[in-house]
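Work through the two exercises below with the sequence and the 3D structure at hand. Try each task before reading its solution.

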Amino acid sequence: MSEVSFSDTTVADQWHCDVLVAGSGAGGLAAAATAAFHGLNVIVAERAARCGGATARSGGWAWVPGNPLAKADGVDEARDDFRSYLKAVIGEADYDHERIEAFLENAPHMVGFFHHKTPLTFAPGKKINDIYGKLPGAGTGHRSVAAAPFYGKEMKPALLAKLADQYKMTAFWGMGIMAGEDLGHFLHATKRPNSFAYAARRVAIHAWDKLVHRRNMQLVNGVALVGRLMQAADNHGVRIEVETALERLIFSDDNERRVIGAYVTTPHGLVKVNAARGVVLATGGFPADVERRRQTFARTPTGTEHWTLAPPEADGAGAVLAESAGGFVDAAGRAAAAWCPVSLVDFKDGSRGVFPHIADRAKPGIIGVLKNGRRFVNEANGYYDYVTGMLNTVPAGEPVESWLIGDHRAVRAYMFGFAKPRPVPLAWYTRYLKCVEEADTLDQLAEKCGIDPVGLMSTVAEFTRHAAQGIDPAFGRGETPFNRAGGDASLPYPNPSLAPLGKGPYYAVKVRVGSFGTFAGIAVDARSRVQRQDGQGAVAGLYAVGLDQKSVFGGHYPCDGINIGPALTFGYMVGRELAGVQVYEDDGSAAPSAAYRGSVLNAAL
Ligand SMILES: Cc1cc2nc3c(=O)[nH]c(=O)nc-3n(C[C@H](O)[C@H](O)[C@H](O)COP(=O)(O)OP(=O)(O)OC[C@H]3O[C@@H](n4cnc5c(N)ncnc54)[C@H](O)[C@@H]3O)c2cc1C
């Protein structure tokens, strides 16, 4: 927060709206677009020069069970299945009945609303499995959606200019690649002529776009989601102001102390924004706030032992604003952050990138070990579990780190950290960026990395013996649909998740504790109203969505897409609440449904 004097005499301008939204990620834009669709006058204040926040960096997948795309594909699951699964993962202590019921009720309508009434159309995640496939109610696809890819020219140039570009660390030469078929073509480009033609066409279009438009125009993943949400908002007159940061809330001077606006800093000076119906905090949580990390993250004694993938603007501005209104940050629950294993990439220009190990861990021929050379986790489970494994097993006092080890075949066939597969030369990563270590033999590799060679050799021998039989007695890798889908079924081994580590050279990449964002967040009720710390209910006129609000799943990670699914859903709900809407837009049914009212009542009793 900057040192500014906040008063009507120091403002350069005054703006008026019904709703002021702070932040242009999934949560903020969903709230803005929905409220504007229903006729409200909305301003989105975005602190960065471009919109999108962590959402634009993301894969863009949203976990939205019971969504209408699944139903259109003939998959109509009972809401009880979703509850059973969530209860099994989360456990009673962290299970927030009211907020989870609100999510399960509204997520399908949110998808229906955007898909049918706005430019944001979705692609179904037909094959995305829930992580813990052995638990009751676990899904095997159709519970996720992502924004359908589109070409940037579909956006107004002025709007496109405000949209974040593809995140460098997950891009290929600045180009986004979507999980699923798109990625499959790139990985098989040297093996299948049709995949080669597909990838070559994508790259050629990208080269043209860079030359002519100076940016990635084939919009996929989180960038596509943000772009479409911006269009949805813009179509209904939302004013999107970049380089505009919410700095201080304004309260009514009666006893209610209702939030009636905020001061924002802009390139043209301080502006007072009067918001008749309320303010929505959607500033992306606090993963970049070192002090709050120190206070709430496990094994981060100074707060700097942690590497977040979120942008630097996600420094807890929303939390500070909520606290100024009597709200508070609730850090109860399993984990304060959405863990992701990361590695660091030092570029020649002196910048440092943080790479998320999302897919490589699960590939056959790759294992994760600690300094003692021993495996410690089922590498093919979720990213959250990999980090939890590190946090729980690295001895106290040691840096929480591990190594991913791969054989030559695996490293050249799949992505390995920041290193891209064939035909991209591996020497770029081993010699120049030095983000991957290479050695001819495993003991040489161990020596280079400071891993116990005896431990590593015996781990690989044991893993290899079992992998050839398709089993992993130590950690059960390959036993769930989630594990197997992350593997490679084209190999001649009985389990797609498991392959013996074959011939060298061998490679290693050092993995550290990182996060996609925070799970701890502003305490809210099922309507996303900021709750007062003194127990006196909600702060009138103040809402928190996206990562600004405490994770609806109590700091657990039941499925991929559990950040963006709730961000979109609770944003949508807030937009509707502010507009006072009584029916669902997608099917005209009464809101909330009788089933939802019943379930909330049951939960309360
Ligand atoms: C590489 C990567 C992959 C991911 N993949 C997925 C995925 O596939 N599925 C999933 O569910 N999650 C995923 N995540 C996590 C997910 O992207 C985020 O949790 C989610 O998008 C956060 O949305 P948000 O709206 O809360 O915040 P953000 O998208 O971060 O938006 C917050 C915005 O607020 C702005 N802001 C900050 N302070 C202020 C202020 N004072 N005034 C005005 N504006 C302000 C920021 O600049 C930012 O633009 C991924 C994250 C990363 C980094």
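The model is predicted, so local features need pLDDT of at least 70 and side-chain atom pairs count only at pLDDT 80 or more, while totals for chains, interfaces and linings use all residues. Residues are numbered from 1 along each chain as its sequence is written, and side-chain values use heavy atoms, with hydrogens and water left out.

**Exercise 1.** Describe the surroundings of D548.

Step 1. Locate D548: the residue sits in the loop between β22 (538–544) and α18 (564–579). Helices (H or I, at least four residues) and strands (E, at least two) are DSSP runs, numbered from the N terminus.

Step 2. Look for a charged partner. D548 is buried and has no salt bridge. Buried means under 20% relative accessible area (1.4 Å probe, protein chains only); a salt bridge is a side-chain nitrogen of Lys or Arg within 4 Å of a carboxyl oxygen of Asp or Glu. The nearest side chain of opposite charge, R292, is 9.2 Å away.

Step 3. Look for a polar atom instead. A polar atom of the D548 side chain lies 2.6 Å from the backbone nitrogen of T283.

How values were computed:
Buried < 20%, exposed > 50% of the residue type's maximum accessible area, 1.4 Å probe, protein only. Lys, Arg positive; Asp, Glu negative; His and termini not counted. Polar contact = N/O pair within 3.5 Å; in protein donor to acceptor, adjacent residues only side chain to side chain. Contact = heavy atoms within 4.5 Å. Lists of a residue's contacts leave out its neighbours within four places in sequence.
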